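This report describes selected residues and the nonpolar cores of one protein model. Please keep the sequence and the structure in view while reading.

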Amino acid sequence: MPTTPLTIPAEHRADVERLWNYHHMHHEIRPVDAGIGLGSHDLGVAKIATDLYHRGMYPTLVFTGANAPTTIGTFPRGEAVHYREYAIAHGVPADEILIDTQAKNTGQNIEHTRALLADHQLQARSVILMSRPYQQRRAYATCKKLWPEVDVICASHPLSLDDYVTSIGDTKKVMDMLVGDTQRIDKYAELGFAIPQHVPDDVRAAYSRLVDAGYTSRLV
């Protein structure tokens, strides 16, 4: 059962919505060569990946992800393994799914997926990169750094902010992770992990207020 109320505090709602909207890339979905589901604690990644497969958006689906402290309890056999099981249970043919069970961060997700596709002699000139909603921008920036020639579209399970909080079951966890991913936009570009992304002044201000309010457990 949730240990925190599934309501975003009224005094922080505008700031949380600002970060939430910033991280959505708002890409138009169209057919590509491969779908890539990035491992996390969020089963919504497997749901959107399965849905887009059935809509004919790609012939090959890759799930990538080992485990992290935030996922070991939910997906004890590994993120990619559980995602694959969900997709197969919902009608995706097993022989059209590839999995990488070793990646422990977004950079490794991209690198391992690229190698896995090459090992299967599958050339991907375009991909749909599926992640948690607030991971879209960072995933895009990472992919363009490590795989610059690929045409990348970002997507997530289509939930509103409030419905997403309810699906995760922990308001503070979602807020902390929104703040953490916002910090990583600048931090990871500085470290060479991702391409730079413009961060508007109102997003920076919202981020700073949420940090000051204590939503800091996912900062690096």
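## Residue D181

D181 is buried, as its relative accessible area is 4% (buried means under 20% relative accessible area, exposed over 50% and partly exposed in between, with a 1.4 Å probe and protein chains only). D181 belongs to helix α7, residues 171-190; helices (H or I, at least four residues) and strands (E, at least two) are DSSP runs numbered from the N terminus. Beyond its neighbours within four places in sequence, D181 contacts H23, Y134, Q135 and R138, where contact means heavy atoms within 4.5 Å.

## Basis of the model

The model is predicted: local features need pLDDT of at least 70 and side-chain atom pairs count only at pLDDT 80 or more, while totals for chains, interfaces and linings use all residues. Residues are numbered from 1 along each chain as its sequence is written, and side-chain values use heavy atoms, leaving out hydrogens and water.

## Residue T64

T64 is part of strand β2, residues 61-64. T64 counts as buried because its relative accessibility is 0%. Its side chain forms a polar contact with the side chain of D100 at 2.6 Å (a pair of N or O atoms within 3.5 Å; within protein, one must be able to donate a hydrogen and the other to accept it, and residues adjacent in sequence count only if both atoms are side-chain atoms).

## Nonpolar cores

A nonpolar core is a set of buried Ala, Val, Leu, Ile, Met, Phe, Trp, Tyr and Cys residues joined through side-chain atoms within 4.5 Å. The largest has 22 residues, of which L52, Y58, L61, F63, I128 and M130 touch the most other members. Its largest share, 6 residues, comes from α2. Apart from this core lies another of 21 residues, including I8, W20, V179 and A206.
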